[in-house]
Amino acid sequence: MTRSTVAQALVRFLAAQYTERDGVRRRFITGTWGIFGHGNVAGIGQALVEYPGLMPYHQGRNEQAMVHAAVGYARQSNRLRTHAVTTSIGPGATNLVTGAALATVNRLPVLLLPGDTFATRPADPVLQQLEVPYAGEVSVNDCLRPVSKYFDRVTRPEALIPAALAAMRVLTDPAETGAVTLALPQDVQAEAHDWPEEFFAERTWTVRRPRPDAAELDAAAEAVRKARRPMIIAGGGVKHSAAEDALRTLAERVCLPVATTQAGKGVLPWDHRCDAGGIGHTGTGTANALARTSDLVIGVGTRYTDFTTASGTLFRPGTRFLNLNITGVDAHKQAAPLPLVADAREGLTALTEALGDYQQHAVQWTFSKQDWQERTDAAYAAPDPRARPTQIQVLGVLDGLVTADDILINAAGSLPGDLHRLWRARSSDQYHVEYGYSCMGYEIPAAIGVALAAPGRPVWALVGDGTYLMNPTELVTAVQEELPIKVVILQNHGYASIGGLSEAVGAERYGTDYRRRDPDGGFTGPLLPVDLAANAASLGMRVLRAHTLRDLREALADAREATVPTCVYVETETADSVSGAPPAPAWWDVPVAATSTRPSAVKAREEYERHVTARRRHL
């Protein structure tokens, strides 16, 4: 037996946990993020001091951002490694909620260790305690229950053992992973207990690769043989499973076009003959044209969000869905008559084997990406080096600079749509766009997590001014940790994505730019005198200002080779004045006011009713 505190025991336990997949063993919790206050400074904080070198520590500036950094690390590690995040009680704990939701929505593991109020209740209430008259055991940490895949409150030292084991079980489960919360009352963290030595022994958690059911596999193979125009929609599950080679093999042998979701983009290189580009509302004309004529959609590792299905308007009546997914809930979406519940790599391999020599008799249908690539080239074109670039031209310059080694990170605003339609992904992990939760403020902390997981690779965080203002504080962390992330700030003085959406739904861009408005909703006064480049410099970043396309090329090239955290700041021209991305080739359902006195809203409602009639339930 070993006598130590609960917090000390937890740190020792976490340091001894490993995952193994395909014969490769890795330490699972490779570091802990923390902001200390009452509720964790004398517990987890002291434990990290007690065992120097056992658990690497990363100092965050914002609790939500710490979760984003851990999630970025986990995604870059294919969910086989992650970080823990510790906070104080009260607002430190509730600041975890958004990050936890992002992790759970995207099925990415992160361990949350928020401090909690006293289990023994020596005084009631204590500082930052939420008083709930009808339930004395409730604390603000209960806000984390609906956004956690597992939640427990460790109110006794001996309860840590089953709670910690359950946490690891969920974190390493490829179907059930997400945010896991162990709420730790501050008095219990500091309490001593006699622990069995077995609790601290190295433990290896096998990340399973379940194979498909034989009957489901036979039905799937038969459906592919009978289909005249089958296609694949590849989602993030392909990457999590490291199933890119298995996907390529199936696509090439059966001549299947592969369209990709935001999470799946990059599973095939952009110039592969089977790659059709992004699917859905932010997808390409090529992929969406295929979807509208396909009779069998093979979804692999996708959740079928409304952006992927164009709010239920993309696929024709009678389309059948064959869904290969490790989670049963996703395998049955779109009322799929052909679920294939399995690991993506194992399922794709088994399906290829089950089809046998079918490639010799396949109904091969071809498609051309030439038109879309020409439209991309036109949008990227920047003939005048003295001009201010558009947002699309910024992407074009970066596209001409990067290699397969670079990693691009984005999450919200107008950039995800532009990237999904136009970016030419050169490697499976180059395209890191978090669009499951589309959380503004994700990019900079996630870039830190990715840089920790992939040292030596150029990591780019692409942010608009709205997103930058949400969460710039982790720039200080990048400087402190000497991580040479590259942050590109595109300044267009407002929320461009929501501004466009606001105009489309009859809300007239209200509240979407950085100018004052008069009582009638019109603009008054000049743009606000905000200097985001100066702000980034004040936080320790090396800042390069780009005023023209020529400046931009030089600045991006400089930033890519930089060995210190570097920011490239560029004010962009409005998209419609020079060149912009091709328009969205598929609809997205955002309900419009059913009645209004304003002509813009009336017109928008007419357009909405025209589109909504095309929605289909695939039963």
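Me: At what relative accessibility does Arg-457 count as partly exposed?
Reply: Buried means under 20% relative accessible area, exposed over 50%, and partly exposed in between (1.4 Å probe, protein chains only). Arg-457 counts as partly exposed because its relative accessibility is 23%.

Me: On what kind of model and atoms do these values rest?
Reply: This is a predicted model, in which local features need pLDDT of at least 70, side-chain atom pairs count only at pLDDT 80 or more, and totals for chains, interfaces and linings use all residues.

Me: How many salt bridges does the count come to?
Reply: A salt bridge requires a side-chain nitrogen of Lys or Arg within 4 Å of a carboxyl oxygen of Asp or Glu. By this rule, the count is 33.

Me: Which residue meets Asp-429 in a salt bridge?
Reply: Asp-429 is partly exposed, at 27% relative accessible area. The N to O distance in its salt bridge is 2.7 Å, and the partner is Arg-457.

Me: How many residues apart in sequence are the parts tied together by Glu-346 and Arg-211?
Reply: The closest N and O atoms of this salt bridge are 3.1 Å apart. Helices (H or I, at least four residues) and strands (E, at least two) are DSSP runs, numbered from the N terminus. Glu-346 lies in helix H14 (residues 344–355) and Arg-211 in the loop between strand E11 (203–206) and helix H8 (214–226), so the separation is 135 residues.

Conventions
Residues numbered from 1 in each chain as written. Heavy atoms only, no water.
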